[in-house]
Amino acid sequence: MPVKNSIGFFIAFLLMIALIMFSIFFFFLAVDAYSQGFKGTALYYSMAGLMGLILSTYTLTKMILRKPSISTILDYEVRTLLQCLKCGFSNTRSFINGDYVLGFGDECPRCSSRMVILAIYKTTSKKKER
Amino acid sequence: MNLDAVLQQILSSEWDSIGLIFQAIFIALFLFSIFYGQRFQIWMMLKNVEVGLNKIKRMRDNARQVILDSLKRFNNDPSLDSTIDRLLEYFWIPPTSIDPFGIVGKIDHILNVRERRFRWELKSIVPNIDESRLRNLENLIEIGISLDQIYRVMRHYYLLGKKTMSLFLIYQAEALMPTILQEAEALTDAIKSFTTGQPIGDGVGSLVAARFIYGAEKKIVSEDTVMAEVEFEGRKLIVIKALGPGGNVGKPGEAVEKILESRRVDVVIMVDAALKLEGEEVGEVAEGVGAAIGGIGVDKFKIEEEAKKFNVPLYAVVVKESMSDALSTMKWEIYVGAEKAINRIKRLIREKTNVGDTVVLVGVGNTIGIGQ
Ligand SMILES: [Zn+2]
């Protein structure tokens with residue numbers, strides 16, 4: 001789902017950017033006040049600036065690094081392991097519909113008897129991130 | 001207007017007045033958190049529940065679509081949509097437990113009726129389908145029902161919470177959401193396995209049983225359940241498993257009942273997949289006593305009853321895996337676990353029985369994608 005491109009996200013993003021600008025402006029005010037000798041005022045301004053900055057960066061990183069939403073699409077490959085019970089030849093290939101464990105698989109390339117499917121397993125199970 | 005002028009204006013006021021403004025803001029925030037803090041928190045929790053609910057809804061809709069697609073391959077009736085919705089809402093009412101005597105038999109009866117009815121219904125939609133595909137479709141619809149049920153219940157609590165604004169209702173819904181989401185995800189994983197007929201982790205018990213009887217002569221012992229007799233180091237080994245490779249769990253309880261009633265048995269060994277705890281490895285094998293079988297408890301009850309009646313020891317061997325492993329296509333680690341379980345069972349038989357004894361081995365689990 002394109003969560004990140006929604007209008008809500010855009011507005012929140014703009015608000016946070018505005019808050020960052022505002023915080024920086026407060027820092028300027030603090031520096032100015034300090035240079036003119038208003039130490040208490042400078043402290044208040046820098047506190048306000050710091051709070052704004054922390055709040056906005058925290059929210060922004062949260063928004064940008066938002067956990068990928070749960071995907072129902074699983075990305076893994078399913079392999080079939082076959083073995084010839086006569087000569088011991090074994091082979092793996094991709095799963096084909098109709099395969100089942102202990103069922104007959106392809107012909108053995110060495111002795112051309114039918115191989116047995118010993119295992120059907122998934123190789124990787126990583127979820128697609130969006 | 002230049003910046004300097006603005007600064008001058010602000011700075012010319014005494015710093016006391018600025019302090020006053022800040023204090024006023026803090027007091028306002030404090031009052032806000034006292035009077036509206038809880039409301040705000042409720043609102044946040046409600047949002048969390050809503051996000052989770054939307055995920056579940058997507059999973060449910062996806063499941064429904066998959067079911068519809070796989071049925072459409074066999075039948076192109078335009079009324080299929082409504083039929084599926086009807087099937088997805090099919091429920092069963094558990095018998096009363098005010099007087100619990102004989103409740104297992106009643107549950108068994110009701111579930112059998114449900115199963116027969118369900119199978120009949122499906123067969124009327126897709127008449128020319130082979131048995132193993134039919135079982136897979138049945139399983140697929142069961143998954144759909146579970147997801148639908150989860151969605152409905154969570155939606156109920158969400159809407160009720162929204163209506164009443166009750167902290168405790170919403171709190172409960174929010175607290176349960178992560179585990180419920182996990183369950184829904186596991187069910188979603190299962191869909192792929194059941195549409196393609198790949199073995200799932202839950203089938204490890206069936207796999208172990210099948211490995212003991214590969215090539216032996218099998219016969220049907222109860223509905224969807226096969227048994228075979230093989231020799232193992234001088235012992236007679238009677239192996240029971242669900243009929244594969246369709247998605248079956250069979251009726252192991254009934255099968256054990258029949259065998260124990262008809263002949264002398266010295267030991268019953270059950271092998272099944274068990275839910276691992278967080279921190280345990282997939283494919284770990286553990287051993288113990290008791291009836292290793294899940295589900296509603298009908299089969300468990302029957303096996304325990306028979307074991308008690310004939311004073312037969314019950315041994316259990318389990319392969320550990322998570323819920324999502326159990327419902328999705330088997331991992332390689334589970335095959336390794338199955339191999340270990342086979343060796344454990346062989347050792348158990350050597351240690352606990354004598355030559356000439358009869359051993360019943362029950363492979364429990366959904367045998368989809370596993371033959372015999
Ligand atoms: Zn060969």
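Author: Chain A exposes about 8,200 Å², with carbon and sulfur atoms supplying 66% of it (Shrake-Rupley method, 1.4 Å probe, with only the protein chains shown as cover for residues). This is a predicted model, where local features need pLDDT of at least 70 and side-chain atom pairs pLDDT 80 or more, while totals for chains, interfaces and linings use all residues. Residues are numbered from 1 along each chain as its sequence is written, chains are lettered from A and ligands numbered from 1 in the order written, and side-chain values use heavy atoms, without hydrogens and water.

Reader: What makes the four cysteines donors of the zinc ion?

Author: Donors are N, O and S atoms within 2.8 Å of the metal; water is not among the atoms, so sites may look incomplete. The SG atoms of A:Cys84, A:Cys87, A:Cys108 and A:Cys111 lie at 2.3 to 2.4 Å, so they qualify. Their spacing in sequence is C-x2-C-x20-C-x2-C.

Reader: How do you know whether A:Cys84 is buried or exposed?

Author: Buried means under 20% relative accessible area, exposed over 50%, partly exposed in between (1.4 Å probe, protein chains only). A:Cys84 has 1%, so it is buried. A:Cys111, with 31%, is therefore partly exposed. Of the 130 residues of chain A, 32% count as buried.

Definitions and conventions:
Donors = N, O, S within 2.8 Å, 3.2 Å for Na, K, Ca; no water.
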